[in-house]
Structure formats: structure tokens, C-alpha cells
Amino acid sequence: MTFRQGFKDGLAIGLGYLSVSFSFGIMAVSSGLTWWQALLISITNLTSAGQVAGVGIMSASGGLIEMAISQLIINMRYSLMAISLSQKTDKTMTVPARLFDSYFITDEIFGVACSQDQVGFRYMTGLSVLPVLGWTLGTFLGALSGNLLPQVVTASLAIGIYGMFIAIVLPVCKKSRTISIICVISVVMSVIFRYVPFLHAHVSSGFAIIICAVTAALIGVFIMPQDEEAQDG
Amino acid sequence: MDNKVFLPLLLVMAVTTYLIRMIPFTVFRRKIRSRRVKAFFDYIPYTVLSAMTFPAILYSTDSVISAAAGTVTAIILAYRGKSLLTVAIGTCVATFLVSLLLLLLL
């Protein structure tokens with residue numbers, strides 16, 4: 001598997017990332033970040049949900065520990081993907097190669113890489129080029145338009161990333177009863193954290209997300225039917 | 001945003017996200033066998049996105065009314081199995097139209 005082949009396989013992911021990160025760029029700027037701060041976040045993190053939560057914590061001037069724990073919980077799935085990808089790697093994936101390529105493990109890059117029989121350093125790196133470019137370019141364009149477009153337009157665009165989140169979750173809920181139940185639990189808890197004045201005043205939004213998500217997922221582990229194959233994340 | 005607030009948080013965010021990927025990819029190489037542990041990891045992305053979206057989506061625009069219009073549109077399109085991009089665009093368009101309507105009426 002060559003760098004070239006990987007590069008080509010990354011095109012579709014790169015185009016998809018361009019649009020998602022465009023919404024992120026708009027959302028980041030409307031949360032009070034400058035365009036280059038938004039860009040810096042995208043270049044160093046390469047993850048959607050984690051970055052949206054991160055911007056929320058930044059705009060609330062949240063604590064460093066809160067930031068670390070929220071990223072840990074939200075991005076925990078990458079650990080699982082890393083372990084599973086690691087079983088498909090060939091000899092070219094040396095330790096320095098792993099240190100470099102682990103930065104590129106996202107849901108989509110993992111998905112495409114795992115569809116190969118073996119994953120080498122050159123293929124994995126080639127596969128990641130266009131997604132990284134798409135992700136940073138989209139953020140840049142989104143942040144820039146966030147500054148240039150009138151307020152009524154940017155406010156309408158900032159909601160787009162949440163629309164995408166709904167588009168990720170709902171189809172899976174239709175297929176799995178367990179996942180639909182725990183998503184409802186997570187939403188109900190999140191609504192409680194937002195509207196009960198005592199909780200809203202004392203629990204920051206980052207921690208609230210962590211508590212809701214972990215509790216709901218744990219409930220899912222206990223209520224899941226014996227024969228249900230868990231969905232891929 | 002003030003860099004005194006931004007930079008330390010960015011550093012923690014980036015380092016945490018990197019370590020979560022790097023440590024398992026470099027150190028652990030065996031498979032997770034426990035069905036329950038595996039299920040927990042599979043569920044987390046969806047419960048995270050759910051908690052992040054609601055009720056925050058309602059406050060992501062200038063008015064709760066336009067945001068609600070976008071939310072309903074997103075739910076309908078997503079339920080019909082439309083692609084991520086289609087849902088996102090539909091959400092934005094519905095929100096924008098209702099925002100314009102509100103501007104004209106109020």
C-alpha cells in the first residue's frame with residue numbers, strides 16, 4: 001500500500017471535513033475566538049465533538065482539569081480505535097511512525113484504514129493528508145466568513161454543527177433500542193443540568209456533559225440485551 | 001479571546017487529545033475482550049453528542065424560536081436518513097428563514 005493510494009482514499013474524507021469544520025469555524029468565532037485561535041485548535045486537535053466542547057469550556061473560562069477530563073471522555077473512543085487499528089499494522093509502522101500517525105486517528109480515517117487488510121506507515125500518512133487539509137481549510141474559511149457575514153447569517157450557520165450531530169445520532173437510534181434509550185437519558189439529564197438553577201450555577205457545561213454521557217453509557221451497559229451486538233462508533 | 005485564557009486551555013486540550021490516541025496506538029496491542037467494556041466505548045460517542053446538542057442547540061442562534069425551527073428541521077431530515085451535509089444545510093436554511101421572518105415582524 002503506497003502513499004499515493006492512501007492520498008486518493010482520503011479525498012472523500014477531506015471534502016466531508018471541509019464542510020463540518022466550516023461550521024466549527026463559524027461556531028468558534030461566534031463564541032468569541034479569533035480566526036487564528038480557531039485555526040490553531042483545528043490544527044492541533046483534529047476532532048469535531050471534542051473541539052466544540054473545548055470551545056464551550058474556553059468561552060466560559062473553564063479550568064484546565066475540566067478541559068482535560070472532558071477531552072478524555074469525549075475522545076475516549078479513539079483509544080479503542082487505536083487499539084483495533086494497531087492490530088492491522090505492518091512492519092513499516094515503527095514506534096516513531098506510530099508517534100506520528102496516531103495524531104490522525106479520527107472516526108473516518110480509522111474507518112477507511114480498517115477496511116484495508118494491512119496498514120503501513122506510508123498508506124496511513126497518505127490517507128491523512130487531505131482530511132487534515134480539509135479540516136484546517138474549512139475552519140479557516142468558516143472563521144473568516146464568521147467575521148465577514150452579517151450577524152443574522154452567521155447565527156444561522158452556527159447551528160449547523162449541531163444539526164450534524166443530530167444527523168449522526170438519530171440514524172443509529174433508529175437501529176438500536178439501547179442506544180435510543182441512553183440518548184434520551186443523556187438529553188434529559190443535560191436538560192436538568194441546564195434548567196435546575198442550583199446545578200446550572202455550580203456545575204459547568206463541560207462537567208455536565210461528562211456526567212450525562214458517562215451515566216447514560218453505563219446505564220446502557222447494564223440494560224443492553226445479551227444478544228445485541230454493539231454498534232460501531 | 002484573551003491569550004492568557006486561551007493558550008493554556010489549548011495546550012491541555014491538544015496534549016490530552018494526542019495522548020488518548022498515541023498511548024494505545026504505541027503501547028497496547030491486544031484486543032479488548034469484555035463485551036461490556038466494548039459496549040461502553042461504543043455508546044459514549046452517542047451519549048456525548050446527545051448531551052452536547054440538547055439543550056445547547058436552542059441557544060446557538062440569536063433567538064430560541066429560530067433555533068427551534070432549525071432543530072425540528074434537523075430531526076426530520078436526520079430521521080429520513082439524509083446525509084450529514086444535507087441535514088446541516090437544511091438546519092441552517094430553516095434557521096435563517098425564521099430569523100429573517102422574526103426580523104421583519106418584530
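The structure is a predicted model, in which local features need pLDDT of at least 70 and side-chain atom pairs count only at pLDDT 80 or more, while totals for chains, interfaces and linings use all residues. Residues are numbered from 1 along each chain as its sequence is written, chains are lettered from A and ligands numbered from 1 in the order in which they are written, and side-chain values use heavy atoms, with hydrogens and water left out.

Between chain A and chain B, about 7700 Å² is buried, and carbon and sulfur atoms give 74% of this area. Buried area is the accessible area (1.4 Å probe) that two parts lose on being put together, summed over both. The interface of chain A and chain B holds 20 residue pairs in polar contact, both residues being at pLDDT 80 or more. A polar contact is a pair of N or O atoms within 3.5 Å; within protein, one must be able to donate a hydrogen and the other to accept it, and residues adjacent in sequence count only if both atoms are side-chain atoms. The count of salt bridges between chain A and chain B is zero, a salt bridge being a side-chain nitrogen of Lys or Arg within 4 Å of a carboxyl oxygen of Asp or Glu.

Within chain A, the domain assignment gives domain 1 (3-173) and domain 2 (176-233), with bounds from an automatic or database assignment. Nine residues from domain 1 of chain A and twelve residues from domain 2 of chain A make up their contact. The C-alpha centres of the two domains of chain A lie 23 Å apart. About 910 Å² is buried between domain 1 and domain 2 of chain A, with 77% given by carbon and sulfur atoms. In domain 1 of chain A, A:Glu66, A:Val172 and A:Cys173 lose the most area to domain 2, together 50% of what that side buries. Three residue pairs are in polar contact between the two domains of chain A (both at pLDDT 80 or more), and the salt bridge count is zero.

Key:
Contact = heavy atoms within 4.5 Å.
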